[in-house]
Amino acid sequence: MTSSETDIVRVLEADGRFAPSAAAEQYLPLIDAISDAELEQFYRDMVVIRAIDNQATNLQRQGQLALWPPSRGQEAAQVGSARAARAQDTLFPSYREHAVTRIRGVDTLSIIKLMRGVSHGGWDPTEPVNGNTRLYTLVLGSQTLHATGYAMGLTFDGKTGTGDAERDEAVIVYYGDGASSQGDVHEAMVFAASYQAPTVFFLQNNQWAISVPVATQTRVPFVKRSAGYGIESIHVDGNDVLASYAVSRVALDEARSGKGPRAIEAETYRLGAHTTSDDPTKYRTSEEEQSWEKRDPITRMRAFLAGKGASASFFEDVDAEASDAAEDLRVRTLALESPTANLIFDHVYSEPHPLMDEQRAWREQYEASFEQPTQNGGAHA
């Protein structure tokens, strides 16, 4: 279920024409200020991450990963919002934000490690190279509580709403239409609204909560759910990277300046499976998929850039970069080695702990007991 077409922020039509909706008018000065280089970067981001995403899907099919959640079709929502965030902002992803994490500096191989089962988290969110990006969250909706709590902390610590745009911080948290039915999301909104925490709730409505359609999940547009908590809410075409960027930039700036939480419903579509363990042909029609293929965010942005005069060499360069990035990911994935068993003890406590030392020693002794030599010189299996 969606809001009226007059309420949705859209700048680009499906064929790439620049045709702002009435709701997009207020964002046009911001969009007009985007440089040609930035526009091309938006396109590059989307194309490269899709190639990486396709490669990761193939790797899972070949037995190299336990699972992979494809993001194909949702690139514009992610790229626009991630590019709108400032360096000091903190981002809380769900488990499909491959474009977001890459833009913020996280090596996609870190996600691969998580999905391959050789890492407990994937990356250290406190390392500057990872751009204040928190870990993927596989428990639906819980990241909204984490994000709101973090944002409340920013308020308590005086790190937001001071009027210094270069220093003030905000938080953006990503979740899906299915996760929006989790109690955690609603509790997070209660606290964010009560404490006026600088939280931007970014809902990617990809039309399906695994096999459950939006029509079953809600009787009102998702954007009205957050509005019910007194949170200013915006409905945006999630397949329009320019619209996603504009509404996210404004929402983050407002949250950062002390105006309280904001919510965005980015209406998009999951072109692939929910995860590689899912078969979407069991619950949705090819006609539906084809109708959304015509609204592909990459095709839309390519047509727009071509209309603005982008050269053939630019598109060729982007395709080459995407191919190289995908191949690089494949090579590095195949080169991964399994960690030692001691990894399970390494980060239970922030500092060395005698209990961990005791448990590590017990494990080593237990495993060594299987290698005791027998009387005839052999070894126990």
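## A walk through the model

Gln-196 sits in the loop between helix H7 (183-194) and strand S3, where helices (H or I, at least four residues) and strands (E, at least two) are DSSP runs numbered from the N terminus. Before going on, note that this is a predicted model, in which local features need pLDDT of at least 70 and side-chain atom pairs count only at pLDDT 80 or more, while totals for chains, interfaces and linings use all residues. Residues are numbered from 1 along each chain as its sequence is written, and side-chain values use heavy atoms, with hydrogens and water left out.

Gln-196 has a positive phi of about 50 degrees, though it is not a glycine. Why point that out? Because most residues other than glycine have a negative phi. At 38% relative accessibility, Gln-196 counts as partly exposed; buried means under 20% relative accessible area, exposed over 50%, and partly exposed in between, with a 1.4 Å probe and protein chains only. Ile-210 is another non-glycine with a positive phi, this time of about 55 degrees. You'll find Ile-210 in the loop between strand S4 (208-209) and strand S5 (212-213), and with a relative accessible area of 40% it is partly exposed.

Now zoom out. The protein has 15 helices and 7 strands. Its radius of gyration is 23 Å, close to the 21 Å that the globule rule gives for 381 residues, so the protein is as compact as a globular protein of that length. (That radius is taken over C-alpha atoms, and the rule is 2.2 Å times the number of residues to the power 0.38.) Along its principal axes, the C-alpha trace spans about 85 × 50 × 40 Å.

How much of the protein is buried? Of its 381 residues, 51% count as buried. Residues 24 or more positions apart account for 73% of the contacts with a separation of 6 or more, a contact being heavy atoms within 4.5 Å.

Next, look for rings. A search of the whole structure turns up 14 aromatic pairs. Rings of Phe, Tyr and Trp (its six-membered ring) pair if their centres lie within 6.5 Å; planes under 30 degrees apart count as stacked, over 60 as edge-to-face and the rest as tilted. One of the pairs joins Tyr-174 and Phe-202, tilted, at 5.2 Å centre to centre with 55 degrees between the planes. Tyr-174 lies in strand S2 (residues 171-176) and Phe-202 in strand S3 (residues 199-205), so the pair ties together parts that are 28 residues apart in sequence. Both Tyr-174 and Phe-202 are buried. Elsewhere, ring pairs link Tyr-43, Phe-314 and Phe-315 into a cluster.

Two more stops. Thr-101, in helix H4 (residues 98-103), counts as buried at 0% relative accessibility. Leaving aside neighbours within four places in sequence, Thr-101 is in contact with Val-106, Ile-111, Trp-123, Thr-133 and Tyr-136.

Pro-280 lies in the loop between strand S7 (262-267) and helix H11 (286-293). Is Pro-280 buried or exposed? With a relative accessible area of 12%, Pro-280 is buried. Not counting residues up to four places away in sequence, Pro-280 touches Gly-272, Ala-273 and Glu-289.
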